[in-house]
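Visitor: I am new to this structure. Could you show me how to read a few of its features?
Guide: Gladly. Let us look first, then talk.

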Amino acid sequence: MATLMADVEAGNLPLDEQLEKMGLDPVEYKELWNSQKKAQKATAKREPKTREEAQKLWKQMQSTPDDLTLLRMYKRGGVEPIQLAKERGIKLPNEKEPLDPKTQAALDELRQPLNVRAVNMRPLRREPQYGVPVCDLQLRTYSIQNLTLFADFAVRAAYYMGLVARGPIPLPRITERWTVPRDVFIFKKSQENFERITMRRLIQIQDGHPDVVKAWLAFLTEHQMHGVGMKANIWEYEDLETATRAGEAIQPDDKSRRREGPMMAKVDEILNSKGFKEAMKGYKAPEEIDFRR
């Protein structure tokens with residue numbers, strides 16, 4: 001082969017004539033030769049030139065799954081495994097078998113509830129009437145995934161409890177760094193650095209009743225996600241009559257001046273009504289009452 005190539009390069013013997021004497025097709029031979037040269041150039045281009053490039057390629061291969069590495073090797077060789085499998089009718093592992101037409105039609109007719117479809121959409125929000133802030137909830141964590149999920153949960157819970165929520169608003173990160181000696185005595189100059197980054201989000205509640213806001217905070221506390229801290233600032237507003245009656249003595253049975261006074265007055269009205277007394281006639285209350293959450 002070396003003698004043949006030397007004669008061809010020197011011009012002593014045409015390549016096509018020599019290939020015909022050897023029983024080879026000149027066109028097919030040239031295609032194979034060009035393909036080999038192209039593959040050699042591509043291989044030389046992919047080879048790392050420096051030590052840094054070799055280390056980078058090695059780390060990339062370590063973090064890449066074996067199936068993707070094998071797929072890249074096939075593609076570098078000019079073979080498309082997925083396209084070839086489809087042409088030969090080979091079933092891929094990620095392909096699902098088609099359902100029965102009747103079953104598929106029944107599934108298409110099913111309608112998901114609105115609250116189930118809302119999980120895959122942006123949280124619903126209510127429009128404020130006055131825009132008066134009543135609560136600022138600040139969420140803090142070291143993991144952004146837990147923070148994003150819990151902030152979305154808090155906004156959705158506020159909507160279903162009838163509260164106007166604004167946010168979550170990203171706040172500046174808190175970065176803390178420490179330098180600690182690795183050892184004592186002669187090894188004191190060897191030190192180690194530590195860093196902690198705190199990520200924060202702010203959710204503001206507007207035009208909300210104080211009792212509803214407290215119920216919302218209690219609900220979030222009960223279903224609080226691990227690794228997420230909460231800090232709430234609450235503002236309550238009273239009417240002008242409260243300021244004019246400041247300093248007056250309050251009787252123990254006087255409920256009219258309390259915030260829940262109207263509600264307690266309505267409860268007393270129901271308990272003292274004639275219909276309620278007739279309905280509860282003959283009822284004996286238990287000696288002990290078990291309060292459950």
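Visitor: Which residue forms a salt bridge with Lys266, and how far apart are the closest N and O atoms?
Guide: Keep in mind that this is a predicted model. For a salt bridge, look for a side-chain nitrogen of Lys or Arg within 4 Å of a carboxyl oxygen of Asp or Glu. Here the partner of Lys266 is Glu269, with the closest N and O atoms 3.9 Å apart.

Visitor: How are Glu269 and Lys266 placed in helix H12?
Guide: They are three residues apart in that helix, so about one helical turn separates them. Lys266 itself is partly exposed, at a relative accessible area of 46%.

Visitor: How many salt bridges does a search of the whole structure find?
Guide: The search finds six. One of them joins the side chains of Asp152 and Arg156, at 2.6 Å from N to O. Both residues sit in helix H9 (residues 144-160), four residues apart, which means a separation of about one helical turn.

Visitor: Is Arg156 buried or exposed?
Guide: Read the relative accessible area: under 20% means buried, over 50% means exposed, and partly exposed is in between. Arg156 has 18%, so it counts as buried.

Visitor: Which side chain meets Arg177 in a salt bridge?
Guide: That of Glu195, at 2.9 Å from N to O. Glu195 belongs to strand S3 (residues 191-206) and Arg177 to strand S2 (residues 164-181), so this pair ties together parts 18 residues apart in sequence. Arg177 is exposed, with 61% relative accessibility. Glu195 is partly exposed, with 48%.

Visitor: Now the surface. Which residues form the nonpolar patch?
Guide: To read such a patch, look for nonpolar side chains joined within 5 Å, on residues with over 30% relative accessible area and no salt bridge. In this model the members are Met263, Val267, Ile270, Leu271, Phe276, Met280 and Tyr283. Together they have about 660 Å² of accessible area.

Visitor: Where does the largest share of the nonpolar patch come from?
Guide: From helix H12 (residues 261-271), which supplies four residues. Leu271, a member of the patch, has its place in that helix.

Visitor: How does Leu271 count at 40% relative accessibility?
Guide: It counts as partly exposed.

Technical notes:
Residues numbered from 1 in each chain as written. Predicted model: local features only at pLDDT ≥ 70, side-chain atom pairs only at ≥ 80, totals over all residues. Heavy atoms only, no water. Patch = residues over 30% accessible without salt bridge, like charges linked within 9 Å, V, L, I, M, F, W, Y side chains within 5 Å. Areas by Shrake-Rupley, 256 points an atom, 1.4 Å probe, with all protein chains shown as cover. Helix = DSSP H or I, 4+ residues; strand = E, 2+ residues; numbered from the N terminus. Buried < 20%, exposed > 50% of the residue type's maximum accessible area, 1.4 Å probe, protein only.
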